[in-house]
Amino acid sequence: MVLVKIAWRNVWRNKLRSSVVMISVILGIWSGLFIMAMTLGLNEQRMSGAIDTYLSHLQIHHPKFEEDYNKNDTIVNRYELNKQLDTITRIKAYSERLVINGMAATSKGSYGVKILGIFPSQEKEVTKISQKLIAGTYLNKLKRNPMLIGAKLAHKLGVKEHAKVVLNFQDMDNNTIAVSFRVEGIFKSASSVFDQGTIFVKYQDLAQLTGLNGGIHEIAILCHKIDDTEMVKQKINTPNKIDTWAQIAPELGYAQQTMSSFIYIFMGIVLLALAFGIINTMLMAILERKHELGMLLSVGMNKRKVFVMIVLETIFLVLIAAPIGILLSYWSIYYFGIHGIDLASISQGLESLGIGSRVYTYLPLNMYFTITFMTLVVAVFSAIFPARRALKLKPAEAVKAN
Amino acid sequence: MMKVIQTQELYKIYNQGQENEVRAVNKVSLEISKGEFTAIVGPSGSGKTTLLNIIGGLDAPTSGKVIIDQTPIEELKENDLINFRLHSIGFVFQSYNLIPVLNARENVGFIMLLQGMAEDEINKRVTDLLKSVGLENQMEKRPTQMSGGQQQRVAVARALASKPKFILADEPTANLDSKSTGDLLDIMEHLNKTEGTTFVFSTHDQRVIDRAHRIITLEDGKIIDDVKVN
């Protein structure tokens with residue numbers, strides 16, 4: 001107990017030095033956790049952006065559809081499949097689509113696009129394009145051939161709301177047709193790549209023009225939770241091919257894994273810097289108190305107790321600073337999780353990665369505990385070297401030191 | 001009289017075999033009995049502190065033996081030696097060396113805590129010890145709130161706390177004024193007379209030499225004189 005008392009009081013002996021260590025710990029924890037939260041937030045946004053915009057959690061296609069996007073490879077037993085999907089409670093909503101590759105042309109130019117024929121009421125429940133309109137409405141105003149176009153494509157084609165765009169594509173007999181559609185809405189998602197390559201039209205219009213009435217190329221399924229994805233996949237019994245979001249866009253899964261590794265590497269660097277800070281400060285503290293340590297060894301305090309006393313001092317420093325660092329981190333992550341961090345200056349780069357210009361920080365609760373534990377472990381290990389130095393002091397020499 | 005300290009042909013040689021060889025302690029054999037009030041005197045560099053360090057087990061001799069209360073201390077392992085110091089020797093240092101973050105009471109009690117004594121017993125003994133050095137009103141003060149003389153009195157109380165076989169005091173009055181030196185010597189002499197506490201000082205302070213009952217004079221590490229004073 002007396003060791004605890006001495007160690008605790010030693011912490012406050014040189015307030016400036018202790019404050020420097022504590023501030024380093026606070027900043028170390030805060031910067032580590034905040035960068036983690038930002039990185040996870042970026043990745044989470046990229047994933048949820050992709051899922052909410054075009055991926056959804058699961059997609060069902062004809063087994064051969066993805067080989068060459070043949071228009072005639074429509075989903076097998078569509079209505080039976082619908083019935084099955086209706087009974088799975090973990091499914092929040094699903095959307096049936098026709099998927100046709102074609103060209104969008106205006107007098108300003110023509111660009112390759114993916115044309116999605118959708119049922120707006122279904123699609124609205126699965127993707128958030130309806131919430132990302134920056135102009136116009138969501139395929140519910142114009143009667144004849146309405147379309148939704150991405151902001152980037154609209155800009156390239158030089159079109160605004162109600163402007164005409166000619167869509168060229170092949171029907172089921174491979175005849176090329178060119179039909180004029182009118183822009184009913186312009187959307188801007190987090191992904192500029194998606195915005196410049198995707199057009200939404202009504203299912204009926206596209207089905208009629210291609211002759212694919214009753215056919216469906218794709219069913220996008222949104223589960224209540226992302227974790228339900230695999231379970232829902234197992235429950236669906238169909239000859240069609242079912243892919244999870246991670247199978248369709250493996251780069252998203254890889255990105256998540258990479259980010260996780262990166263986060264630990266980054267945190268490792270922060271903690272290493274922290275460790276050197278602690279070692280340096282504790283070594284200074286030992287040099288300053290050389291004669292006192294010499295006295296303790298002289299009067300009969302054994303080396304184990306001297307060692308414990310020095311390690312305790314470091315632990316106290318960290319125990320004071322760590323909660324402050326964690327609270328600061330929690331508060332700033334919570335605040336920027338709601339209000340976001342405006343990264344407008346690099347928005348172009350972020351949008352090409354499918355991330356919006358405002359980043360919302362996010363950090364699971366368990367990470368706070370992990371980092372706190374890691375910090376404590378680093379602090380204890382950092383104290384070992386200075387403590388060992390103290391043990392090497394020769395009492396007769398140390399007691400005379402000034 | 002029971003021998004508390006015995007040294008047999010003690011040598012401490014620095015840079016042995018080299019041109020700049022120094023014999024800090026040169027064939028010192030002495031015996032100090034229980035209850036003696038001994039001053040080891042000599043000019044600076046005569047080997048007083050080195051001899052005291054070797055007797056206290058803080059430094060190892062190059063050769064020779066130190067026997068404390070029939071225990072040859074060079075045979076003790078490091079941890080046993082530390083434990084031996086804790087239970088058998090009291091130290092008083094020139095610059096007091098109190099723990100600055102503890103008050104007088106805690107500084108004195110600290111040694112007893114290390115010895116594993118019960119808290120009630122510690123409290124009682126601390127009070128008695130601080131009373132015996134005239135600091136009953138300064139118990140809650142930290143070293144920085146006390147004068148040099150008061151700090152050295154706390155150091156004496158601390159040295160006595162472990163009920164040691166003897167107290168080694170290295171230049172205990174070197175940093176004290178005349179009044180404090182007188183007070184400290186009164187206290188130590190009183191403890192020596194009433195409790196039979198054995199004191200061994202290293203000093204070149206005439207005021208201490210004048211009060212010593214035995215004076216051992218060192219020069220170049222050798223005992224050149226050893227007289228008892230009545």
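Biologist: What makes the meeting of the side chains of E78(B) and K303(A) a salt bridge?

Modeller: A salt bridge is a side-chain nitrogen of Lys or Arg within 4 Å of a carboxyl oxygen of Asp or Glu, and for E78(B) and K303(A) the N to O value is 2.5 Å, so the pair meets that definition. Please keep in mind that this is a predicted model, in which local features need pLDDT of at least 70 and side-chain atom pairs count only at pLDDT 80 or more, whereas totals for chains, interfaces and linings use all residues; side-chain values use heavy atoms, with hydrogens and water left out. Residues are numbered from 1 along each chain as its sequence is written, and chains are lettered from A and ligands numbered from 1 in the order in which they are written.

Biologist: Why does the pair of E78(B) and K303(A) join two chains?

Modeller: E78(B) lies in helix α2 of chain B, while K303(A) lies in helix α13 (residues 303-339) of chain A, so the pair joins two chains. Helices here are DSSP runs (H or I, at least four residues), as are strands (E, at least two), and both are numbered from the N terminus.

Biologist: Why is E78(B) called partly exposed, and why is S202(B) called buried?

Modeller: Buried means under 20% relative accessible area, exposed over 50%, and partly exposed in between (1.4 Å probe, protein chains only). E78(B) has 48%, so it is partly exposed, whereas S202(B) has 0% and is therefore buried. S202(B) is placed in strand β8 (residues 199-203) of chain B, and, leaving aside neighbours within four places in sequence, the residues in contact with S202(B) (heavy atoms within 4.5 Å) include I40(B), L52(B) and P172(B).

Biologist: Which salt bridges lie between chain B and chain A, and how many are there?

Modeller: The count between chain B and chain A is three, and one of them links K5(A) with E106(B), whose closest N and O atoms are 3.1 Å apart. The elements that give two or more residues to the side of chain B that touches chain A are α1 (48-55), α2 (78-88) and α3 (104-115) of chain B.

Biologist: How many residues does the contact take from each chain, and what area do the two chains bury?

Modeller: The contact takes 27 residues from chain B and 22 residues from chain A. Between them the chains bury about 2100 Å², 66% of it on carbon and sulfur atoms, where buried area is the accessible area (1.4 Å probe) that two parts lose on being put together, summed over both.

Biologist: Why are K179(B) and D183(B) said to be separated by about one helical turn?

Modeller: They are four residues apart in helix α6 (residues 178-195) of chain B, and therefore about one helical turn separates them.
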